[in-house]
Amino acid sequence: MTGQQVIEEMRKKGCRITKQRKLIVDIIMNNEFNSCKEIYYGVIKEDPTVGMATVYRMINQLEEMNVIRRIEKIEVVR
């Protein structure tokens, strides 16, 4: 799925498409990240006015839409 397709799906579901939401979708869809914080840092490089809560809400929305999936990272302690 492309960023534009995600935006269209959001629009169909009645979401307002703000500049910040579009930026977050574009950054998520065009890069690989290992954590939500990495996504946040990628976003604020482009627009420092975007808050962490906005990024987390968008991540949750994309999860609900089955666009992205969070995975738990488990480390073995030796």
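1. Terms for the helix pair come first. An axis is a line fitted to C-alpha atoms, for helices over the stretch in contact, and angles run from 0 to 180 degrees between N-to-C directions. Helices are DSSP runs of H or I with at least four residues, numbered from the N terminus.

2. Provenance. This is a predicted model, in which local features need pLDDT of at least 70, side-chain atom pairs count only at pLDDT 80 or more, and totals for chains, interfaces and linings use all residues. Residues are numbered from 1 along each chain as its sequence is written, and side-chain values use heavy atoms, with hydrogens and water left out.

3. The α2/α4 pair. Helix α2 spans residues 19-29 and helix α4 residues 52-64. They pack at about 65 degrees, and their axes lie 10 Å apart. Their crossing is right-handed (the near helix is turned clockwise from the far one by less than a right angle).

4. Who meets whom. From α2 come Q20, R21, I24, V25 and I28; from α4 come T54, V55, M58, I59 and L62. Contact means heavy atoms within 4.5 Å. Seven of the residues in this contact are nonpolar, two are polar and one is charged. In this count, Ala, Val, Leu, Ile, Met, Phe, Trp, Tyr, Cys and Pro are nonpolar, Asp, Glu, Lys and Arg are charged, and the others, Gly among them, are polar.

5. The core. The largest nonpolar core has 19 residues. Such a core is a set of buried Ala, Val, Leu, Ile, Met, Phe, Trp, Tyr and Cys residues joined through side-chain atoms within 4.5 Å. M10, I24, V25, V43, V55 and L62 have the most contacts inside it. Helices α1 (3-12), α2, α3 and α4 each supply at least two of its residues. The largest share, five residues, comes from α2.

6. Inside α2. Its buried residues are L23, I24, V25, I27 and I28. Buried means under 20% relative accessible area, exposed over 50%, and partly exposed in between, with a 1.4 Å probe and protein chains only. The buried residues of α2 pack against α1, α3 and α4. Take I24: neighbours within four places in sequence aside, I24 contacts V43, V50, T54, V55 and M58.

7. I44. This residue sits in helix α3 (residues 36-46). I44 counts as partly exposed because its relative accessibility is 25%.

8. N66. Check this backbone. N66 is not a glycine, yet has a positive phi of about 60 degrees. N66 lies in the segment after α4. N66 counts as exposed because its relative accessibility is 70%.
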